[in-house]
Amino acid sequence: MWKIHHAFLFFIFTICWIPPCRGIQLDVSSQDSIKQTARTIAKDMISFYVGDKPGQTPGILLKPYYWWQAGAMWGELIEYWAATGDTHYNDLVSSSLIFQAGADRNFMPQNASNEEGNDDQAFWAFAAMTAAELNFPDPPEPKPQWLALAQAVFNTQARRWDMESCGGGLRWQILFTNPGWNYKNTISNGAFFQLAARLARYTGNQTYTNWADKTWDWLASTPNLTPDYRVNDGSDIKKNCTDANGIQWTYNYGTMIMGAANMYDISTGAAKEKWKSRIQGLLTQAESVFFPTKGPDNDPLSPNVMVEISCEWSKLCNPDQTSFKAYLSRWLAATTQLAPFTKEKILPKLQASAAGAAAQCSGGDTGTKCGRNWNMAVWDGYNGVGEQMSALAVVQANLIGTTRKPVTEKGGGTSRGNPNAGMGKQVELHYGAITTRSKTGAGILTALIMIVTIGGAWWMVDDGYTPKGLKRISTHPPWARY
Ligand SMILES: *[C@@H]1O[C@H](CO)[C@@H](O)[C@H](O)[C@H]1NC(C)=O
Ligand SMILES: *[C@@H]1O[C@H](CO)[C@@H](O)[C@H](O)[C@H]1NC(C)=O
Ligand SMILES: *[C@@H]1O[C@H](CO)[C@@H](O)[C@H](O)[C@H]1NC(C)=O
């Protein structure tokens, strides 16, 4: 055994001097090296996209990727442009966002209705918000405008605030017919919090500030956000949100940190101190959860390399989850601009994680496709849109020091807004928000499900609270989030 083991290590060591195996050699102290690395990873990322080919639908990714992830990918490419100056993907990004804005210009295209929750809608809104904040080229009117699109999503979600259980909050799902309707989760509420905070900062409108405060306070009133800043995944409405699913994801922490950083930036006095200590609390927790100092076999790890701790080592990450490290990376980077006191803690993490991610980019057909495990020097055999997104986000995050701070409406922003956007009649018609009609429908549906369940059905609509329960439901889109 001993000999085989050593022969194997020697083999790896030897062949790993051949460039493809060693991954992309990233020098995080060199702007050129970071840009070149980002360019390579972006190219492999977009190779998964076929929406611009004849007969395909613009703006979306093919299965196994859900609608939301494409929105997140376009947002990342806006940041790519802002960080590197490479305009190569701009037209594609612009036309994709506009195509998927839908008839009501609020990112609720009818095709997505069977898989679109509040969180999914929010990731498209983030792309539009990022476009406004980074002065991404404005589409010619009368095409939809970036700020107005973000406001439209905010407006549709504020209207869904639900006082019927848990003292408030957003449900995960928009439609009662989608599994997850009875779950008030952190990403939906945390994304709404972040969107409100960014709109507050961009527009200066107090309504958004109030909603950001209210949404933070609601999350903190549930076990989803604990007094010591642990961020859990979500709560069951049937238990009136008295306990939480304790699984921890990078993007849940990321959205809270990003929202808090925007609030910090626009606050003064005691409020600023309050947001500062919230950011510090969240960062301390995120550091202890996602930057482990020991690996699964107790082997020592760099304390600065990000790990998606709830699925990476167990090799159970689904295609959604492989992209989560992208969001923590980009939101940590933006936080250093909005709340500069965080630089000392965050920047070493972005550097070490980027070097680890680049070393993973040595696989697949191109020899540069990225794997998942940023602590491994050799490609781990995975590749996909999520892996590319996570690697690209953390690499380009290292350009944050030379990227312009997000603009505001009065501070250089050019995007045109509309505080009443997205509220067209068709919203109800297409999508049935929370109306009396849909509640009656919910009753009928429940009755139908009872019949089907008694008849020995293999799935149940409401049993999605624990990961254990989820295993029974492997085919329906929203459940795959776990
Ligand atoms: C909806 O799906 C149809 C059929 O695939 C397609 O032609 C159309 O472009 C899609 N619309 C959007 C907004 O994705
Ligand atoms: C549910 O929780 C909310 C907020 O904590 C509380 O106001 C309400 O009374 C609770 N409802 C029930 C039925 O326990
Ligand atoms: C502020 O935002 C709210 C909510 O969207 C809107 O109703 C109001 O008109 C806005 N105020 C201004 C001055 O734009």
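A polar contact here is a pair of N or O atoms within 3.5 Å; within protein, one must be able to donate a hydrogen and the other to accept it, and residues adjacent in sequence count only if both atoms are side-chain atoms. With that in hand, here are my notes on the model.

This is a predicted model, in which local features need pLDDT of at least 70 and side-chain atom pairs count only at pLDDT 80 or more, while totals for chains, interfaces and linings use all residues. Residues are numbered from 1 along each chain as its sequence is written, chains are lettered from A and ligands numbered from 1 in the order in which they are written, and side-chain values use heavy atoms, with hydrogens and water left out.

1. Ligand 2. Cys 166, Gly 167 and Asn 240 surround ligand 2, where a residue counts as near a molecule or strand if one of its heavy atoms lies within 4 Å of it. In the side chain of Asn 240, an N or O atom is 2.4 Å from an oxygen atom of ligand 2. On its own, ligand 2 has 360 Å² of accessible area, and the protein covers 24% of that; such areas come from the Shrake-Rupley method with a 1.4 Å probe, and for residues only the protein chains shown count as cover.

2. Ligand 1. Around ligand 1 you will find Thr 57, Phe 99, Gln 100 and Asn 111. An N or O atom in the side chain of Asn 111 is 2.2 Å from an oxygen atom of ligand 1, and a polar side-chain atom of Gln 100 lies 3.1 Å from an oxygen atom of the ligand. Ligand 1 exposes 360 Å² when taken alone, of which the protein buries 49%. Its shell has one nonpolar residue, three polar and no charged; Ala, Val, Leu, Ile, Met, Phe, Trp, Tyr, Cys and Pro count as nonpolar, Asp, Glu, Lys and Arg as charged, and the others, Gly among them, as polar.

3. Ligand 3. Asn 155, Asn 205, Thr 207, Tyr 208 and Pro 419 surround ligand 3. Asn 205 places a polar side-chain atom 2.3 Å from an oxygen atom of ligand 3, whereas Pro 419 has a polar backbone atom 3.3 Å from an oxygen atom of the ligand. Taken alone, ligand 3 exposes 360 Å², and the protein buries 48% of that. The shell divides into two nonpolar, three polar and no charged residues.

4. Backbone points to check. Most residues other than glycine have a negative phi, and most peptide bonds are trans. The bond from Lys 63 to Pro 64 is cis, with omega near 15°, and Pro 64 lies in the loop between α3 (31-46) and α4 (67-84). Helices (H or I, at least four residues) and strands (E, at least two) are DSSP runs, numbered from the N terminus. Glu 141 and Pro 142 are also joined by a cis peptide bond, with omega about 10°. Pro 142 lies in the loop between α6 (118-133) and α7 (146-158), and Asn 135 is found in the loop between α6 and α7 too. Phi of Asn 135 is positive, near 55°.

5. Is Lys 315 buried or exposed? Lys 315 counts as exposed, at 56% relative accessibility; buried means under 20% relative accessible area, exposed over 50%, and partly exposed in between (1.4 Å probe, protein chains only). Lys 315 has a positive phi of about 60° and sits in the loop between α11 (269-290) and α12. Thr 342, in the loop between α12 (324-338) and α13 (343-360), is buried, with a relative accessible area of 1%. Not counting residues up to four places away in sequence, Thr 342 touches Ile 279, Leu 283, Thr 335 and Thr 336, contact meaning heavy atoms within 4.5 Å.
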